[in-house]
Amino acid sequence: MSKILIVDDAAFMRMMIKDILTKNDLGTVIEAENGGIAVEEYIKEKPDLVIMDITMPEVDGIQAVKLIKEKDPDAKIIMCSAMGQQAMVIEAIQAGAKDFIVKPFQPDRVIEAIKKMLK
């Protein structure tokens with residue numbers, strides 16, 4: 001069973017993603033509400049995949065991707081972003097994210113991205 005770290009400052013977004021993962025039996029979920037906590041959880045839990053929001057307080061998603069990639073160059077990270085954040089998505093990909101999902105997202109797109117990353 002895969003371990004998936006969901007990082008978003010909005011509890012309802014974490015809950016939505018967790019719900020999609022649980023309903024589709026895609027793995028066990030670890031949650032973090034900002035990038036700083038995400039880095040700590042990544043080091044502690046060694047998840048198979050990270051789903052990371054870009055805009056968060058304290059440590060944003062792009063900074064967190066850089067920090068995680070420093071610790072584990074093979075980390076698999078999917079970014080989540082709202083419409084109109086294309087420049088940030090490009091920056092996240094350059095920082096090491098492998099894919100991105102646009103909010104509000106379709107469950108099918110989330111499932112597809114996760115399955116592709118966990119192959």
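1. In this predicted model, Ile78 has Asp99 of strand E5 as its bridge partner. The two strands concerned, E4 and E5, pair in the parallel sense over 5 bridges.

2. That pairing belongs to an open sheet of 5 strands, ordered E2-E1-E3-E4-E5, with parallel pairing. E2 and E5 (99–103) are the edge strands, each pairing on one side only. From one strand to the next, the twist averages 20 degrees.

3. Helix H5 (residues 107–118) packs on the sheet and touches E1, E3, E4 and E5. The direction of H5 makes about 170 degrees with that of E5.

4. Helices H3 (residues 61–71) and H4 (residues 86–95) pack with their axes 9 Å apart, at an angle of about 5 degrees. H3 is therefore roughly parallel to H4, as angles under 35 degrees are counted that way. On the H3 side the contact is made by Ile62, Val65, Lys66 and Lys69, and on the H4 side by Met88, Glu91, Ala92 and Ala95. By class, these are 5 nonpolar, no polar and 3 charged residues.

5. The largest nonpolar core has 22 residues. Leu5, Val7, Val50, Met52, Ile68, Ile77 and Met79 have the most contacts inside it. At least two residues each come from E1 (3–7), E2 (28–32), H2 (35–45), E3 (49–53), H3, E4 (77–82) and H4. H3 gives the largest share, 4 residues.

6. Met79 also deserves a separate entry. Leaving aside neighbours within four places in sequence, Met79 is in contact with residues including Met52, Ile62, Val65, Ala92, Phe100 and Ile101. Ile101 is included in a second, separate core of 19 residues, along with Met13, Leu26 and Ile111.

Key
Residues are numbered from 1 along each chain as its sequence is written. This is a predicted model: local features need pLDDT of at least 70, side-chain atom pairs count only at pLDDT 80 or more; totals for chains, interfaces and linings use all residues. Side-chain values use heavy atoms; hydrogens and water are left out. Axes are lines fitted to C-alpha atoms, for helices over the stretch in contact, and angles run from 0 to 180 degrees between N-to-C directions. Angles under 35 degrees count as roughly parallel, over 145 as roughly antiparallel, 65 to 115 as roughly perpendicular and the rest as oblique. Contact means heavy atoms within 4.5 Å. Ala, Val, Leu, Ile, Met, Phe, Trp, Tyr, Cys and Pro count as nonpolar, Asp, Glu, Lys and Arg as charged, and the others, Gly among them, as polar. A nonpolar core is a set of buried Ala, Val, Leu, Ile, Met, Phe, Trp, Tyr and Cys residues joined through side-chain atoms within 4.5 Å. Buried means under 20% relative accessible area, exposed over 50%, partly exposed in between (1.4 Å probe, protein chains only). Two strands pair if DSSP finds at least two bridges between them.
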